[in-house]
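Good morning, and thank you for coming. Today I shall walk you through one part of a structure, and I ask you to keep the view open while I speak.

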Amino acid sequence: AVSVEFLKELPKCEHHLHLEGTLEPDLLFPLAKRNGIELPAEFPQSVEELAAKYSQFRDLQDFLDYYYIGTNVLVKEEDFFDLAWAYFTKVAKQGLVHAEVFFDPQSHTSRGVPIAVVTRGFSKACERAQNELGISTELIMCLLRHVEPEKCLETIQEATPFLKDGTISGLGLDSAEKPFPPELFIECYEAATKINPDLKLTAHAGEEGSSAYVVNSLDLLQVTRIDHGINSQHDEELMARLSRERIMLTMCPLSNVKLQVVSAVGELPFQRFLDADIPFSVNSDDPAYFGGYILENYIALSESFPHWDHQTWGKIVKNSIEGSWCDAKRKQQLL
Ligand code: ADE
Ligand code: ZN
């Protein structure tokens, strides 16, 4: 296998990172205290107990139940800033050069935190990452698929100023996948695109849902990228299309193991995707919950696919730069 030093030095891009998923237990409890937030009685009450819970989740929903309770401690603009800034400083040391990060405005607006407070906190951290760490960034708002589409349309309206001025440059779709297929959100994607025709589009699909969720996200939501997309492996025609149309899958190996999508990283279809020339990137999803940031995901992958040489890793990194949403000039710098 290649060395950890080699993996660290690679110019890595992250495309699948939920900022709320970077909330470490040792920040969660102090923030709860700072903001006077009482956690539910059944929620672990100490850093140790919470860290123990994070060692395994039954499935996506089991994780989401904890994740949404955790987000309740985020209230003020500085909370959002602090959270994102802690992430950027951590991954700057791991060789991250470009980050396209997700956030879930509805998990905050539903508690009365204005979308402007959330967006400003996060975008200030993005700006500082650019200026002080040389990490280029894009901020992507995700709609929660368990929220009714009419409510999601309201969220898009509330986000209008940030969609218009480019503070938010992408739209995604996350949360419980299977009960909420992509076709429910056609109008939402259309509405957001109307506000800014340059908006970049993605959606979680094929994590627990079938390959049809991937196909429908492409055809009905007009996304140009797919988050996870693992179950694309069961549809040969789709596989050919992903390669032909250069649709990048933003894969998250440690997440898939922690949420028991697979029992080991080696079971994931990375080799098949490489052989089929399907572009993918390697990402951490919710690193505070899944036991590793971007470098740990690269390392886990290298341990599971030890025959990948420098050239193979070079191709993975090149695909992930080319699939990024930064402009051509920045891509040229990164290549
Ligand atoms: N929200 C945060 N992480 C997620 C994931 N992996 N899938 C769906 N929704 C999420
Ligand atoms: Zn995700």
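Let me begin with a definition: helices are DSSP runs of H or I with at least four residues, numbered from the N terminus. What you see is a predicted model. The helix that concerns us is α11, covering residues 211-220. After α11 comes Q222, whose phi is positive, near 60 degrees.

Which residues of α11 are buried? They are S211, Y213, V214, S217 and L218. Viewed down the axis of α11, these buried residues fall within an arc of 160 degrees, so they line one face of the helix. What does that face pack against? The partners of the buried residues are β5 (200-205), β6 (225-228) and α12 (236-244).

Let us turn to the strands. β5 and β6 run parallel and are joined by 4 bridges. Within this pairing, A203 stands opposite I226 of β6. Together with α11, the two strands form a right-handed β-α-β unit.

The arrangement continues with β7, residues 248-251, which runs parallel to β6 and is joined to it by 3 bridges. Here I226 stands opposite L249 of β7. A right-handed β-α-β unit is also made by β6, α12 and β7.

Finally, the ligand. Among the residues around ligand 1 are H204, E207 and S255, and the list also includes D174, D285 and D286. How many residues of each class does the shell hold? There are 2 nonpolar, 5 polar and 4 charged residues around ligand 1.

Notes: Residues numbered from 1 in each chain as written. Chains lettered and ligands numbered in written order. Predicted model: local features only at pLDDT ≥ 70, side-chain atom pairs only at ≥ 80, totals over all residues. Buried ≥ 20, exposed ≤ 12 C-beta atoms within 10 Å, placed from the backbone. Arc of directions from axis to C-beta. Contact = placed C-beta atoms within 7 Å. Near = placed C-beta within 6 Å. Nonpolar A, V, L, I, M, F, W, Y, C, P; charged D, E, K, R; others polar. Pairing = 2+ DSSP bridges. Right-handed = clockwise from strand over helix to strand, strands pointing away.
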